[in-house]
Amino acid sequence: MSAVAWNTDWRDLETDGWEHRDAVATTLAEHVGTGDVDLPELRALVRARTWNGDPLARLAFLLGLPPTTLAMLDDHDDAPALELVEPASMWRVVWDAAKETNREPWITARWLQLTIAVAAILIGLVALAAAATGYAVIATDGAFVDQDGVDAGDWAFTVMMTVAAPLNLWCAVQLIRRGTFF
C-alpha cells in the first residue's frame, strides 16, 4: 500500500506511477540496506509486476541482508533460533542504571563518609526509639504520654518512624561498606 488518509480510498501501488515505487525502493535502500545497494536493480524489482524466481530472496540479496534472514522469514527448519527476550520494564532499566552509576561512592572523602554514616546511625536509633514510643502510645491508648485516646497523627508518626529507622540504618551500613573503613 502506498498511502492512506482519513476519509479517502486506499491507493494501490499498481495503479500509481513509477515515482511511488521508486520512492519505496529508495527508502528500502536507505533504511534497510546494509551497504552499497544496486538502486537501479532494486527499483526494477519493486516496479515489476511478475517475477522469475523468489522476489523475497532477490530483495534480501539486493539489500545485502544475510542469507539466514530469508530462512527466518520463510520459517525454515534450518533457520537459526531467535532468542526471545522479555522486554525490560521502565523500573528495571532505571534500577540497573542507578546501580551502575552508584558503583563508586558519591562522597569520596572517607572522613565525610564516616561522619554521615555515624549521623545516619544516630538518626536511625532515634527513629527506632520514637517508633517504640509510638507503639507504646497506641498500645496504651494514649495513657503512656497522658493523653486521651489515639488519633490518626499518632498512627502516622508511628508508621513513619517504623520506616525511617531501618532505612537510616541500612543507608549507614551501605556507606560504611562502600567506604571500607574497617
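For my notes, buried means under 20% relative accessible area, exposed over 50%, and partly exposed in between, with a 1.4 Å probe and protein chains only. I am working from a predicted model, where local features need pLDDT of at least 70, side-chain atom pairs count only at pLDDT 80 or more, and totals for chains, interfaces and linings use all residues. Residues are numbered from 1 along each chain as its sequence is written, and side-chain values use heavy atoms, with hydrogens and water left out.

**Entry: the loop**

I looked up the loop between α6 (110-139) and α7 (152-179), where D141 sits; helices here are DSSP runs (H or I, at least four residues), numbered from the N terminus. D141 is not a glycine, yet its phi is positive, at about 55 degrees. Its relative accessible area is 47%, so I noted D141 as partly exposed.

D146 lies in the loop between α6 and α7. I found a positive phi of about 55 degrees for D146, again not a glycine. D146 counts as exposed because its relative accessibility is 75%. As a reminder to myself, most residues other than glycine have a negative phi.

**Entry: helix α3**

I then checked both ends of α3. D54 caps the N-terminal end of this helix (residues 55-62), with a side-chain oxygen 3.2 Å from the backbone nitrogen of L56. Just after α3, I noted G64 with a positive phi of about 75 degrees.

**Entry: a residue on α6**

Last, I looked up V118, which is found in helix α6. V118 counts as partly exposed, at 42% relative accessibility.

Terms used
Helices (H or I, at least four residues) and strands (E, at least two) are DSSP runs, numbered from the N terminus. A polar contact is a pair of N or O atoms within 3.5 Å; within protein, one must be able to donate a hydrogen and the other to accept it, and residues adjacent in sequence count only if both atoms are side-chain atoms.
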